[in-house]
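Hi there,

Here is the structure I promised to pass on. Have a look through it first, and then read on for my notes.

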Amino acid sequence: MGLDPGWQGLQALCSLACGPLLGLVYDLTAALRRQLGLDRSRLLPDLLFCLLAALVLFLLGFTVGNGRLRLFMPLILVLGAVFYLLALRRPGRRLAGFLASFLLRICSIALSPLVFLEKTVKKTLFFVKNLFQYLAIWFTISYQTFSSVRSVCFWEARHEAKAIRYSDQAFYHRPSCLSS
């Protein structure tokens, strides 16, 4: 009914290796938080780290522990994390800073087509908006040309503010019935 000591040693060694890796992941989330300017909001990176630590514990018990998380596995994992904090924290932070800047660079390169697409859509919408403004002016001019003078004067009286706005443009024609 007992477990082979060699297998227990392998489980302990895997647990010991997962501790420093979790410490490095914590430093990586902290470096990402600093580089993204999220200094005040620590909830999201810490929540992400806790979910990742729970996933590591689950996978440790599922794979190496043959479906069982033995009591010594999380304890040795914590010992590995303490070893990381005492001995490897300084080089780990440098490595985490480098990895964070590398990940942000990769993300910015991957998202650059979306930024280009956003700028293109904004320019297209600006063009369409201006096109419809000029179509409205063209329609106003053609409406004045094909309608009677009385209806044009009625239309001009209702839209005097618009007429004043476009009066400095060369293609605008003020009907003679409004001139005094």
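Which residues gather in a patch of positive charge on the surface? They are Arg34, Arg90, Arg93 and Arg94. Helix H3, which covers residues 72-146, supplies the largest share of this positive patch, with 3 residues. Before going further, please keep in mind that this is a predicted model.

**The chain as a whole**

The fold is built from helices: there are 5 of them, and 0 strands. Going along the sequence, the pattern reads α-α-α-α-α. The chain has 180 residues, of which 23% count as buried. Its accessible surface comes to about 13,400 Å², and carbon and sulfur atoms account for 71% of that area. If we take the contacts with a separation of 6 or more, 64% of them are between residues 24 or more positions apart.

**Around the positive patch**

Is Asp27 buried or exposed? Asp27 counts as buried because its relative accessibility is 3%, and the cut-off for buried is under 20%.

Ser15 lies in helix H1, which spans residues 5-36. Its relative accessibility is 0%, so Ser15 counts as buried. Which residues does Ser15 touch, not counting those up to four places away in sequence? The contacts of Ser15 are Leu60, Met73, Ile76 and Leu77.

**A nonpolar patch on the surface**

Finally, please look at Leu95, Phe98, Leu99, Phe102, Leu103 and Ile106, which form a nonpolar patch on the surface. Together these residues have about 540 Å² of accessible area. One of them, Leu99, is found in helix H3. With 31% relative accessibility, Leu99 counts as partly exposed, because that value falls between the limits of 20% for buried and 50% for exposed.

Best wishes

Terms used: Residues are numbered from 1 along each chain as its sequence is written. This is a predicted model: local features need pLDDT of at least 70, side-chain atom pairs count only at pLDDT 80 or more; totals for chains, interfaces and linings use all residues. Side-chain values use heavy atoms; hydrogens and water are left out. Helices (H or I, at least four residues) and strands (E, at least two) are DSSP runs, numbered from the N terminus. Buried means under 20% relative accessible area, exposed over 50%, partly exposed in between (1.4 Å probe, protein chains only). Contact means heavy atoms within 4.5 Å. Patches are made of residues with over 30% relative accessible area and no salt bridge: like charges are joined within 9 Å, nonpolar side chains (Val, Leu, Ile, Met, Phe, Trp, Tyr) within 5 Å. Accessible areas come from the Shrake-Rupley method with a 1.4 Å probe; for residues, only the protein chains shown count as cover. A salt bridge is a side-chain nitrogen of Lys or Arg within 4 Å of a carboxyl oxygen of Asp or Glu. Lys and Arg count as positive and Asp and Glu as negative; His and the chain ends are not counted. The place of a charge is taken as NZ of Lys, CZ of Arg, CG of Asp or CD of Glu.
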